[in-house]
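Colleague: I have just opened this one and would like a slow walk through it. Could you take me around, starting with whatever term I need before anything else?

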Amino acid sequence: MATSAQPGQLGLAGSAGAEALATSGTASTEGPERPGPLQDETLGVASVPSQWRGVQGIRGETVRARKSCQTASITTAEASVQARKHVDAEVQTEIPEPVSLPSVPRYNGPRLAAFLRKVEAMVTRELNKNWQSHAFDGFEVNWAEQQQTVTCLHTLSYPPAQGQGLHVTGVSWNSTGSVVACAYGRLDDGDWSTLRSFVCAWNLDRRGLSPQQPSAVVEVPSAAMCLAFHPTRPSHVAGGLYSGEVLVWDMSRPEDPLLWRTGLTDDTHTDPVYQVVWLPEPRHSHRFQVLSVAADGKVLLWQGVGAGRLQLSAGFALAVQQLPRNTKLKKPSRGETEVGATAVSFSSFDPSLFVLGTEGGFPLKCSLMAEDAAVTRMPSSVPLRAPAQFTFAPHGGPVYSVSCSPFHRNLFLSAGTDGHVHLYSMLQAQPLTSLQLSHKYLFAVRWSPVRPLVFAAASGEGDVQLFDLQKSSQKPAVSVRQTEDESPVYCLEFNCQQTQLLAAGDAKGTVKVWQLSSEFTEQGARETEHLDQLASEVAS
Amino acid sequence: MINPVEWPLVGSLKAVATLFTRMCAGRETGFNLGAPSCIPIKSTMDNPTTTQYANLMHNFILKARSTVREIDPQNDLTFLRIRSKKNEIMVAPDKDYFLIVIQNPTE
């Protein structure tokens, strides 16, 4: 039975609706089609009151509680999203137009003149006051924390190499300044030994640096004499061996680090390689070749070609007959025509100019562009040229190290077995000054990369000496003792990225990383001018 | 660098030239005369250095001037000096132009 109740009348029509329900019910059943005899009647409602509540009341007090439980209905909602619009946009960089100085605006001449007249008096007054001012004399500002002394930061060693009694013959910092590598070999053996030797690298920026455990170790078939990291690739390192080979390793590959080798061909050096240097290729300045300098008088340029071979791309040979005669040299003994080269340093101002240190004790100024063919009996796949252009006055013994100044185009240092360091200018054969640093040999000398007047030298007495030409040209500013028993320090290198670090390797097989005091790392005022002054006044 | 024929008046050309020579008589490194939009008008240094100094000093001068005026609105910037380890930069500002001088002081 459906009753359609009007919305407003529902409450009032409660009972009325019930009656309507009743009457309609009877009305509907009394329809005209309905048969007569059966009549429907509605009777009253019979109700039986419930007993259970009363029963419960007899027994005791009733506690009625009504509890209901129903899970709350879970509300769900549905939503759908669709992107109906999209926009395409393209981005392209355009070749930047060369920045040209904007055209000078049309300024007002008289107003400019008036401004200058007004300002001139004040500016000239201030300029003159500055000449006489003592206001800032001795006024120094410290932007970084000052370090007062030279301290040893790390003492690195490789016990198996030390167990064989090997010396550290070369150290090198990589291009990022965080890895130091050293080459083990022997500098006092004269024979062809089958000594297996090592090249080790430590990553100083790594946490948990263990001084006795290098982060990379490479075994080399013969004693390694020198080492040089690639200038831009942080893991490539070139080394020269006692056997005359030049090898290039990739220290980031522990299972097969050897990248290129020269092999033992006709082109290879026949004597120990004393120094290797990376040079940019003449046409592709992002690719590098390796230059090696050896005691057989050859200076060779190697290029890495496929299949791991280093191929000779250019070469130079030194012969006594072809040395420039501007300096009087000792007459060579009969039959000896080769001049062994022991050290090389390239000028930072002219990339084709380099200085060679020789076994005869005289540095040579050489050029990569030299054209004359070399007089040599040695076979070679590439014609060898004679590079020497100028001969400097000799030391008292072989020169072990040369270093060109990064701040002055003409100055370079050389150190030799006579214990002296000579400061030369490229323009004259006699040295500008000669300093005696040690009574024994001097094995390495390097200019500081940040201070134009500072250089460091490694001595045979076990010290690393730091010289500051500004303070005193006679005695070292700082002398640090590296080895206790006076065994020599064979090599040292400044770290060009972290300029307060200096690595030095000695005969006990340890590499010590020294932290320099702030006076060696910050350039003072006018040092370059002092250097120029030094070069010119001593030369005269 | 300017083309001298652009100077409108001969008189002012001579005046400016004499002022410059007088001020350059010491051991100063360089002079840089700029318009307020920091375009260099005349300089004794080479072009790249001149533009570099002009661009870098422009904001610095405006900042210094606004600092001074903010502390005291009646005040204004008359002269600016920056002293570094190697040299001293001096700026004389004006409404339309400013003059930058770099001096190497004697020690």
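Modeller: Let us begin with what a strand is here: strands are DSSP runs of E, at least two residues in length, and they are numbered from the N terminus. Two strands pair if DSSP finds at least two bridges between them. With that in hand, and keeping in mind that this is a predicted model, we can say that a hairpin joins strand 14 of chain A to strand 15 of chain A through six residues.

Colleague: How many bridges join strand 14 of chain A to strand 15 of chain A?

Modeller: Five bridges join them, and the two strands run antiparallel. To pick out one of these contacts, A:A341 has A:T358 in strand 15 of chain A as its bridge partner.

Colleague: Which sheet do they belong to, and in what order do its strands come?

Modeller: They belong to an open sheet of four strands in chain A, which come in the order 14-15-16-18 with antiparallel pairing. Strand 14 (341–346) and strand 18 (388–391) of chain A are the edge strands, each of them pairing on one side only. From one strand to the next, the twist averages 25 degrees.

Colleague: Is strand 14 of chain A largely enclosed or open, and why?

Modeller: Strand 14 of chain A is largely enclosed by the rest of the structure, because six of its six residues are buried.

Colleague: And what happens at the strand 18 end?

Modeller: There, three bridges join strand 18 of chain A to strand 16 of chain A (residues 364–367), and these two strands run antiparallel. The bridge partner of A:K365 in strand 18 is A:F390, and A:F390 also belongs to a cluster that ring pairs form with A:F392, A:F412 and A:Y424.

Colleague: Changing topic to rings, then: how many aromatic pairs are there?

Modeller: A search of the whole structure finds 13 aromatic pairs over all chains. One of them is the stacked pair A:Y400 and A:F443, at 5.6 Å centre to centre with 10 degrees between the planes. A:Y400 lies in strand 19 and A:F443 in strand 23 of chain A, so this pair ties together parts that are 43 residues apart in sequence.

Colleague: Are those two buried or exposed?

Modeller: A:F443 counts as buried because its relative accessibility is 14%, whereas A:Y400, at 29%, counts as partly exposed.

Colleague: What about chain A overall?

Modeller: Chain A has five helices and 29 strands, and buried residues make up 46% of its 540 residues.

Note on methods
Residues numbered from 1 in each chain as written. Chains lettered and ligands numbered in written order. Predicted model: local features only at pLDDT ≥ 70, side-chain atom pairs only at ≥ 80, totals over all residues. Heavy atoms only, no water. Axes fitted to C-alpha atoms, helices over the stretch in contact; angles between N-to-C directions. Phe/Tyr/Trp six-rings, centres within 6.5 Å; stacked < 30°, edge-to-face > 60°. Buried < 20%, exposed > 50% of the residue type's maximum accessible area, 1.4 Å probe, protein only.
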